[in-house]
Amino acid sequence: MTPAVPITCTKADLTPDFRDQYLATYRQMQSSRVLEEKLGSLYRAGGRIVGGVYLGRGQEAFSASVAMQLRRGQDVYAPLIRDQAGRMAFGEPITDALRTYMGAATGPMRGRDGNIHRGRPQEGEMAMISHLGAMVSVVAGALFAKRLRGTIADAVGATSIGDGATSTGSFHEAINMAAVEKLPIIISVANNQFAYSTSNDRQFACEDLIYRARGYGVAGWKVDGTDLAACLKVARSAVAAARAGGGPQLIVGTMLRLGGHGEHDDAAYIPDEVKFSKVGQDCLLVAEKFMIAEGWATKAEIDAWLKEARATVDQAVSLVSKEPIPDPYRESWQALSSSELVESWQL
Amino acid sequence: MSVTYLEAIREAQFEALRSDPNVFVYGQDIGQFGGAFKATKGLAREFPGRVLDAPISEDAMVGMAVGAAVEGARPIVEMQFADFSSVGFNQIVNQAATLYWRTNTPCPITIRLPSGGTAGSGPFHSQSMESIYAHYPGLVILTPATVEDAYWMLLDSVKLDDPVIFCEHKFLYYHLKAESFGEHSLPIGKARVARPGRHATVVTYSAMVHEALRAADELQMEGYQIEVVDLRSVKPMDTDTILGSVARTGRLLVVGESFPWGGVSAEVISRVSTEAFHMLDAPPMRLNSKDTPIPYHPNLWKAHRPTVGSICDALRRLLRF
């Protein structure tokens, strides 16, 4: 097969509308980076964050580009572990992240689940389970139900996955099923070169994951995940195609996870030649250079946004830190919504 | 005029589809073909676009049902055989069963499991999975033994805002008949005294209810009155009805078709031993299948699962204690 060539932007793509979305997306990426740096510090400091911290450093452009195309309330989104930027772009408040990481009783997960396992399914934001690939069919099901109930209009669903999760049976079953049902789903594969510590050469043998699109009978889009302009162009095209009835869209972005699997992991297994190659460049720095070169923003403006993002995050941390933690005495300990079927026998 | 257990399953789905446009049925070969056991015969024609063939993807079938439920649908998923639900296990126990507790989002899905053994079906088309799923919080596990329960409990399942594992017994599909579907009598979660007695209690469910009733007939000729309790729902388990029966008889045998290690019968015995130790006149006993995969040949199959004969033997030992 001929090598898959990533889609890139040309001057003609850089319309005023595109520029506006680029700037808005960059600000989500920047806020995400600021929040994640804070989460990392809170983790290292010990205290309120009891479990692990899993960051999306290096994947902000790819993640946010797709989520920027979604409309909360109509579309469905199932983010994964490295989608802080996408979550923000989809309208998830910073407090949802902090409350879940800190196990606050006030958050959407109320101390029952933590870190990236959060969402508000009834608002179209699914809460991932840890088993990889499992959210793809859930998004497909939500879209199926919208179609069944006549509420789909031009709604789409989007979900993210990594190179590692493409090896699961769950992923295979779900993308095949979505293709059979011709559902408007966008599946973004962030090929960040490593699944925890396992490199691509121990994960899959096909030359490029984008070739799988053809096998499943879905549209395929390959993109450099460190290039925000290209990511936005691809996301806009893929989401538009899904909205227009083009069925499932598989986007494969390449980048490097700029850190460990979680903050407990120093990622010493990533070789320097990968770290310092093009795939290892930081999408935020690439975007900053681009914005300045295009005359879309000045360094001073970018710095001002950063300052604003830090203030917002600091304020949210200070708010959530004072919030109550869950109280086992007040916990309902009820796994069923039908209270009459909860066994009182053992209580 | 009579109706079978299988017709009850089919008619309940017809009624669920008719009365609620949010209901749909998803499973392998269930569309035009009407299902491997014909439990959805004719439904695809009557409800176009709502009774759909699924690819052979149990994991995706259940995940899809969960997503649809979040969006307001009330899916019924047919596993072709209960055994194959193991492929969808992750989505059942980690996705469906945790959704409400984690996110406060109800998950109204019904997963139908054609369960239990029939001669000649072998290790992978004969399993009973109720104990496996009952182990996980967040699921309701139903095991109807009668035509009436097959009909009304399936309708109740679809209306319930929680995930239901509906274990319908394949052996009863064609053999079990009733005059009609009867009336909606007991709610989900209540057991039923299928036969009153005073010398010993057999707690059982699904197809084994009928074996236990035949054993009770046989023991009656020996002068014993055996009480048979049909659990109907293994989770939640109606502990009060079980304890009430043991209080009357003082002796307990639990019969289940599933594998012996742990499981529903162990759970019943644990509860009775803890709560009603002082009411027992003999150590509680249980009878399950043998601890091997389920055999193919009828000779081996009959010896593998509890039968009228082995239930009678167990009861005689219990009564002699």
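**Reading aromatic contacts in a predicted model**

The structure, a predicted model, holds 20 aromatic pairs over all chains.

Student: What is the geometry of the pair formed by B:Phe37 and B:Tyr173?

Tutor: An aromatic pair is read from the distance between ring centres and the angle between planes. For B:Phe37 and B:Tyr173 the values are 5.2 Å centre to centre and 55° between the planes, and the pair is tilted.

Student: Which parts of chain B does the pair link?

Tutor: The pair links distant parts of the chain, 136 residues apart. B:Phe37 belongs to the loop between strand S2 (23-27) and helix H2 (43-46), whereas B:Tyr173 lies in helix H7 (residues 170-175).

Student: Are B:Phe37 and B:Tyr173 buried or exposed?

Tutor: Both B:Phe37 and B:Tyr173 are buried.

Student: Why is the pair of B:Tyr151 and B:Trp152 edge-to-face?

Tutor: Planes over 60 degrees apart count as edge-to-face. The planes of B:Tyr151 and B:Trp152 stand at 90°, with ring centres 4.9 Å apart, so this pair is edge-to-face.

Student: Why does B:Tyr151 count as buried?

Tutor: Buried means under 20% relative accessible area. B:Tyr151 is buried because its relative accessible area is 11%. B:Trp152, at 24% relative accessibility, counts as partly exposed.

Student: Which residues form one aromatic cluster with B:Phe37?

Tutor: B:Phe37 forms one aromatic cluster with B:Tyr5, B:Phe81, B:Phe84, B:Tyr173 and B:Tyr174.

Student: Where does the charged end of B:Lys38 sit?

Tutor: The charged end of B:Lys38 is placed over the ring of B:Phe33, 3.5 Å from its centre. B:Arg305 lies over the face of B:Phe171, at 5.3 Å from the ring centre.

How values were computed. Residues numbered from 1 in each chain as written. Chains lettered and ligands numbered in written order. Predicted model: local features only at pLDDT ≥ 70, side-chain atom pairs only at ≥ 80, totals over all residues. Heavy atoms only, no water. Phe/Tyr/Trp six-rings, centres within 6.5 Å; stacked < 30°, edge-to-face > 60°. Helix = DSSP H or I, 4+ residues; strand = E, 2+ residues; numbered from the N terminus. Buried < 20%, exposed > 50% of the residue type's maximum accessible area, 1.4 Å probe, protein only. Lys NZ or Arg CZ within 6 Å of the ring centre and 35° of its normal.
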